[in-house]
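Dear colleague,

I am handing over the structure below, and after it you will find what I found on going through it. Please read the notes with the structure open beside you.

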Amino acid sequence: MSTEKITLEEFTGLLDRFGADAAHWPQALQSAAQTLLQSSVAARRLHRDAMQFDECLDAALPDLGTEDLPRLKRRILEQIGSSLLENSAVLRFWTWLMGGPRLAHVVLVRPAALAMIPLVLGFGLGLTFPESNGSDGELVTELTLLALTDRYEGYLDAQ
Amino acid sequence: LSEASDEELMARVQRRDQQAFRYLLDRHAGPLRNFLFRINQNAADADELCQEAFLRVWQHAGRWEPGRVQFNTWLFRIGHNLAIDRYRKQRERSLEEAPEAVDEGADPRRVLARSQTAAQLREAIAELPERQRTALVLCHFQGLSYQQAADVLDVSLEALESLVSRARRTLKQQLRPLIDDIEIAS
């Protein structure tokens, strides 16, 4: 048990910081504060005032009633549900893309694979279509259209 | 799941487990709503802010790091930040919706004095600097430990104690004449 004493001034500071409820006082000051309370009328008076003040505080801002709480919770859960629905497709795709925990050590595998698709498509096109001889212009037309730019308009006009 | 700790539930929420979220909501919606009501003294605002805070928890669950701060500290911090945003935008606060604390069956003079005191005290609390008010609410009303309250406000323990102390002293000063009236009435 601590044998330290506290002054009335320190006790006032204690009440200001932690209120009248001794359960909230720091452990190190409990014993000294209780000793002062037993021995000092002034300390008891300060403590009584602090208790009264705490009661006033409690009365001034009581808990909100719980009647509306279920409705609030339902509203929150509904909103969560709808956001889950909105995000689920995007989220599933993202989770798939990043590989999830099993592929965590090679996180870029799927994004890289996805990025390779146009390249593979290009090779595929190149191998499938006959080599351009520059005379029929068929392949050139198709590739110009595939370019998705407005150059094809000028190209078609020139035809 | 009802036995699971907040940390375990949050780990599940991070995996988009709605059931775990529901348990967190059951545990913390009431205290958060009371906290938000006490710092802005408007019940409708408290509901909206509480809803927004829980949506943030759901949307940003991945940002919560177990072991860094307790879940309720994190939640209160989110709520507090939202309340500050709202407060800054609105500025004008209404005290009209705050429920009157009436002690039924008591001496009418005492009831009147108490209800006047409560109303004046609410006004005085509303006029406290924002951080003092939040510190007082967290420590006195919400029952958070001083360390948790310091974490919510992102200040040191000493700074938190100082905020509470200054808040209490200011309120006591303003309340002194009214408390004397209650004593006279009783």
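Among the contacts in chain A between residues at least 6 apart in sequence, 39% join residues at least 24 apart. Please keep in mind throughout that this is a predicted model. The secondary structure of chain A comes to seven helices and zero strands, so that reading along the sequence gives the pattern α-α-α-α-α-α-α. Chain A has 159 residues, of which 25% count as buried, and the chain exposes about 11200 Å², with carbon and sulfur atoms supplying 62% of that area.

At the start of α3(A), the backbone nitrogen of A:Ala42 has a side-chain oxygen of A:Ser40 within 3.3 Å. The buried residues of this helix include A:Ala43, A:His47, A:Asp49, A:Phe53 and A:Leu57.

A:Ala43, which is found in α3 (residues 41-60) of chain A, has a relative accessible area of 0% and is therefore buried. Leaving aside residues up to four places away in sequence, A:Ala43 touches A:Leu8, A:Phe11, A:Leu36 and A:Leu37. With one of these, A:Phe11, the separation is 32 residues in sequence and 7.4 Å in space, C-alpha to C-alpha.

Turning to the interface, 36 residues of chain A are in contact with 45 residues of chain B. The area buried between the two chains is about 4000 Å², and carbon and sulfur atoms give 63% of it. Of the area that chain B buries against chain A, B:Arg33, B:Gln51 and B:Arg168 supply 16%, more than any other three residues.

Between chain B and chain A there are six salt bridges, and 16 residue pairs are in polar contact, both residues being at pLDDT 80 or more. The helices α2, α3, α5, α6 and α8 of chain B each supply at least two residues of the side that touches chain A, and α8(B) gives the most, with 12 residues.

Over all chains, the structure holds 16 salt bridges. Within chain B, the side chains of B:Asp47 and B:Arg33 meet in a salt bridge at 2.5 Å, N to O, and this pair links distant parts of the chain, B:Asp47 being in helix α3 and B:Arg33 in helix α2, 14 residues apart. B:Asp47 counts as buried because its relative accessibility is 14%, and B:Arg33 counts as buried because its relative accessibility is 5%.

A further salt bridge in chain B joins B:Arg86 and B:Glu48 (3.1 Å, N to O); here B:Arg86 lies in helix α4 (residues 71-90) and B:Glu48 in helix α3, 38 residues apart. B:Glu48, at 42% relative accessibility, counts as partly exposed. In chain A, the side chains of A:Arg71 and A:Asp68 meet at 3.3 Å, N to O, in a salt bridge, and A:Arg71 is partly exposed with a relative accessible area of 49%, while A:Asp68 is partly exposed with 31%.

Finally, B:Asn42 is found in the loop between α2 and α3 of chain B and, at 11% relative accessibility, counts as buried. A polar atom of the B:Asn42 side chain lies 2.9 Å from the backbone nitrogen of B:Asp45.

With best wishes

Definitions and conventions:
Residues numbered from 1 in each chain as written. Chains lettered and ligands numbered in written order. Predicted model: local features only at pLDDT ≥ 70, side-chain atom pairs only at ≥ 80, totals over all residues. Heavy atoms only, no water. Helix = DSSP H or I, 4+ residues; strand = E, 2+ residues; numbered from the N terminus. Buried < 20%, exposed > 50% of the residue type's maximum accessible area, 1.4 Å probe, protein only. Contact = heavy atoms within 4.5 Å. Areas by Shrake-Rupley, 256 points an atom, 1.4 Å probe, with all protein chains shown as cover. Polar contact = N/O pair within 3.5 Å; in protein donor to acceptor, adjacent residues only side chain to side chain. Buried area = accessible area lost by both parts, 1.4 Å probe. Salt bridge = Lys/Arg side-chain N within 4 Å of Asp/Glu carboxyl O.
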